[in-house]
Amino acid sequence: MKLSQCAAFVAIADTGSFTNAARALDISQSAISHAIAGLEAELGVTLMERDRSGVRLTDAGHRALEPARVMVVQAERVRRAVRGAGAGPEGPLRIGTSQSFAARLLPAVMSELHARHPRLEIDLREGSDTQITQWLRGNGVDVGIVTLPKRGLTTVPLLQDELVAVVPPDHAEAERPALRIDQLAGDPFLMPVGAVETLVRAAFRTVGLEPEVGHYLRDINALLAMVGAGLGVTVLPRLALPLVLPDVRLVPLSPAVVRHLGLGMRLGSHGSPAVEAFVDAARPLALRSDQGRRPVAAR
């Protein structure tokens with residue numbers, strides 16, 4: 001049994017296809033096919049089945065996956081030990097980031113990474129939660145900021161982000177210390193497009209309601225401007241809010257609604273030195289970031 005065969009097997013399981021695995025390992029697709037054929041012949045079992053929808057592991061494939069992954073990860077650790085721990089990670093690191101994380105936390109993480117590991121070559125891609133998840137599964141990025149939970153990815157919890165009601169300054173509930181979600185049900189609702197929509201709808205459904213959606217908006221600044229103009233109300237994560245707001249009011253929700261953010265990686269990629277460097281830089285900064293800082297309305 002060769003390490004290259006195990007690496008090919010793990011790459012196919014993680015990326016979902018022979019083509020994506022070949023890209024991830026930077027080898028030809030025929031080499032991937034040859035490696036799997038050799039591994040299956042040696043083990044005497046069929047590890048995976050291919051059809052129009054992609055690749056599906058057999059029962060034997062599921063049993064073999066984690067031991068194969070251990071071999072691949074241990075081999076990488078041997079390589080790192082031989083190169084020397086003092087050398088530090090180098091080369092490209094592709095990061096998928098959301099708009100809110102990029103605006104509020106990413107600059108600090110990037111500064112920390114550049115200071116610790118100057119030989120890393122950072123490539124940033126900004127997208128929605130769905131896009132980042134697809135990039136991770138298709139080997140488009142190495143690590144990404146995602147909402148949790150995420151099936152089919154290795155994830156590391158990062159922080160909790162509270163959702164708040166955003167209402168016009170003259171709204172009847174604007175001065176309340178907290179709002180129940182049902183107290184927004186009578187207003188036109190401006191729905192943020194993306195992962196937050198799922199949380200918002202779930203919060204309404206806990207009280208047997210659906211929001212009366214007037215408009216769907218992806219751009220946070222446009223959404224806030226519409227709230228300020230009295231065209232509706234919305235619910236947004238604090239992290240997604242700019243530090244200086246238009247003339248709107250933020251009211252906490254009761255009971256609280258939070259989204260859980262984490263670092264997402266392809267299954268088996270946590271052993272990458274570049275990815276581990278990003279995790280080591282991001283986690284402590286996220287945990288202590290913006291403590292006590294809240295967006296303030298423009299006057």
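## Model and terms

Two residues are in contact when heavy atoms of one lie within 4.5 Å of heavy atoms of the other. The structure is a predicted model, in which local features need pLDDT of at least 70 and side-chain atom pairs count only at pLDDT 80 or more, while totals for chains, interfaces and linings use all residues. Residues are numbered from 1 along each chain as its sequence is written, and side-chain values use heavy atoms, with hydrogens and water left out.

## The chain as a whole

The protein chain contains 10 helices and 13 strands, both taken as DSSP runs numbered from the N terminus (helices H or I, at least four residues; strands E, at least two). Along the principal axes, the C-alpha atoms of the chain fill a box of roughly 70 × 45 × 25 Å. When contacts between residues at least 6 apart in sequence are considered, 71% of them join residues at least 24 apart.

Of the 299 residues of the chain, 46% count as buried (under 20% relative accessible area, with exposed over 50% and partly exposed in between, for a 1.4 Å probe and protein chains only). The chain exposes about 15000 Å², of which carbon and sulfur atoms supply 52%. Its side chains include 33 positive and 31 negative ones, and the centres of these two sets lie 3 Å apart; Lys and Arg are the positive residues here and Asp and Glu the negative ones, with His and the chain ends not counted.

Helix α2 covers residues 18–25, and its buried residues are F18, N20, A21 and A22.

Helix α2 is followed by D26, which belongs to the loop between α2 and α3. The phi angle of D26 is near 60°, a positive value in a residue other than glycine, and at 71% relative accessibility D26 counts as exposed. Most residues other than glycine have a negative phi, and most peptide bonds are trans.

Q5 is placed in helix α1, which spans residues 3–15. With a relative accessible area of 8%, Q5 is buried, and beyond residues up to four places away in sequence, it touches A35, I36, G38, L39 and E42. T46 lies in the loop between α3 (29–43) and β1 (48–51), and it is partly exposed, with a relative accessible area of 44%. Apart from neighbours within four places in sequence, T46 is in contact with E40, T58, A60 and G61. The C-alpha atoms of T46 and L124, which are 78 residues apart along the chain, are separated by 39 Å.

## Aromatic rings

One aromatic pair is found in a search of the whole structure. The ring centres of F189 and F204 are 5.6 Å apart and the ring planes stand at 90°, so the pair is edge-to-face; rings of Phe, Tyr and Trp (its six-membered ring) pair if their centres lie within 6.5 Å, with planes under 30 degrees apart counted as stacked, over 60 as edge-to-face and the rest as tilted. The two partners are 15 residues apart, F189 in strand β7 (residues 189–192) and F204 in helix α8 (residues 195–205), and both F189 and F204 are buried.

The peptide bond from L148 to P149 is cis, with omega near 5°, and P149 is located in the loop between β5 (143–148) and β6 (153–167). A cis peptide bond also joins S254 and P255, where omega is about 0°; P255 is in the loop between β11 (249–252) and β12 (258–266).

E162 is placed in strand β6 and counts as partly exposed at 23% relative accessibility. When residues up to four places away in sequence are set aside, E162 touches L236, P237, R238, P252, V257 and V258. E162 and L245 are 83 residues apart in sequence, and their C-alpha atoms are 17 Å apart in space.

How values were computed. Accessible areas come from the Shrake-Rupley method with a 1.4 Å probe; for residues, only the protein chains shown count as cover. The place of a charge is taken as NZ of Lys, CZ of Arg, CG of Asp or CD of Glu.
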